[in-house]
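Student: Hi! I have a protein open on my screen and I'd like to go through it with you. Can we start with whatever holds the chain together?

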Amino acid sequence: AALFVLLGGCSDQQPPPVSAHTIAEASVRQNRVPTYPQPDTTYLSFSRAHGFQVNYLAPEGKAWLWYPGNRLGVPEDYKRDIVAGQEAMCWRHPPNSFNPVTRKQGGTFACESLALARSTVVSALPADPFALQTGRVPYTLDRCAAPAEFSFDRTTISC
C-alpha cells in the first residue's frame with residue numbers, strides 16, 4: 001500500500017476535524033501561497049506530522065502526491081467544497097493506500113479547512129517540473145528535506 005497524506009477527515013454533517021497540534025503549528029505560519037489551489041501547479045507543503053510533501057495539481061481534479069518514503073507517486077482526486085459552511089479542500093486517494101498519520105485507508109474523499117490547507121503550503125512551482133503525473137518520483141523523498149527547486153525559508157520551516 002502506498003503512503004499518503006490526509007491532514008484531516010470530514011463528513012457533510014460536521015466541520016473538518018483538526019488536531020490541536022496542527023492548528024497551533026499552522027496558526028503561526030504566514031500564508032505564503034494565497035492562490036492555492038490552482039491547476040497545473042506543483043505545491044510544497046509541510047507539517048511536522050508528515051514532513052515535506054509535493055503535490056502536482058493537474059486540471060480537471062487530478063493530482064499526484066510525492067510523499068516521504070514512497071518510491072512511486074500516489075494518484076489523487078481533489079476538489080474544493082463547502083463542509084459545514086466552511087470552504088474545504090478534499091482529497092481522494094486509492095483504496096489500497098494508507099495514511100500513516102491518521103491510520104486511515106484511502107478510497108473516499110476526506111476534507112480539511114481550505115484555510116488550514118493553505119497554511120501548510122510553503123512554496124509553489126508552475127506546471128509539473130518533477131513529472132509526477134507519470135506516476136514516478138525523481139527519488140525517495142526524505143520527510144525533512146524539501147527538493148532544492150522550491151524557494152522558502154528553510155531555517156524556519158523544518159523538522
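Student: How many disulfides does a search of the whole structure find?

Tutor: The search finds two disulfides, a disulfide being a pair of cysteine sulfur atoms within 2.5 Å. Keep in mind that this is a predicted model, where local features need pLDDT of at least 70 and side-chain atom pairs count only at pLDDT 80 or more, while totals for chains, interfaces and linings use all residues. Residues are numbered from 1 along each chain as its sequence is written, and side-chain values use heavy atoms, with hydrogens and water left out.

Student: Okay! Which residue forms a disulfide with Cys90?

Tutor: That's Cys111, and the two sulfur atoms sit 2.1 Å apart. Strands here are DSSP runs of E with at least two residues, helices are runs of H or I with at least four, and both are numbered from the N terminus.

Student: Are Cys90 and Cys111 buried or exposed?

Tutor: Both Cys90 and Cys111 are buried. Buried means under 20% relative accessible area, exposed means over 50%, and partly exposed is in between (1.4 Å probe, protein chains only).

Student: And is that disulfide right-handed or left-handed?

Tutor: The torsion about the S-S bond of Cys90 and Cys111 is about 105°, so the disulfide is right-handed.

Student: Which residues form the other one?

Tutor: Cys144 and Cys159 do, with their sulfur atoms 2.1 Å apart. Both cysteines lie in the segment after strand E7 (121-126), and they are 15 residues apart.

Student: New topic! How many salt bridges are there?

Tutor: There are four in the whole structure. A salt bridge is a side-chain nitrogen of Lys or Arg within 4 Å of a carboxyl oxygen of Asp or Glu. One of them joins Asp77 and Lys62, whose closest N and O atoms are 2.7 Å apart. Asp77 is in strand E4 (residues 74-83) and Lys62 in strand E3 (residues 62-66), so the pair ties together parts that are 15 residues apart in sequence.

Student: What else does Asp77 form a salt bridge with?

Tutor: Arg92, with the closest N and O atoms 3.1 Å apart. That pair links strand E4 to strand E5 (residues 86-92), again across 15 residues. Lys62, Asp77 and Arg92 are therefore linked in a network of salt bridges.

Student: Is Asp77 buried or exposed?

Tutor: Asp77 is buried, with a relative accessible area of 16%. Lys62 is partly exposed at 42%, and so is Arg92 at 31%.

Student: Which residue meets Asp81 in a salt bridge?

Tutor: Lys79, at 4.0 Å from N to O. Asp81 is partly exposed at 29%, and Lys79 is partly exposed at 33%.

Student: Last one: what pattern does the whole protein follow?

Tutor: Along the sequence, the pattern is α-β-β-β-β-β-β-α-β, with two helices and seven strands. Of the 159 residues, 47% are buried.
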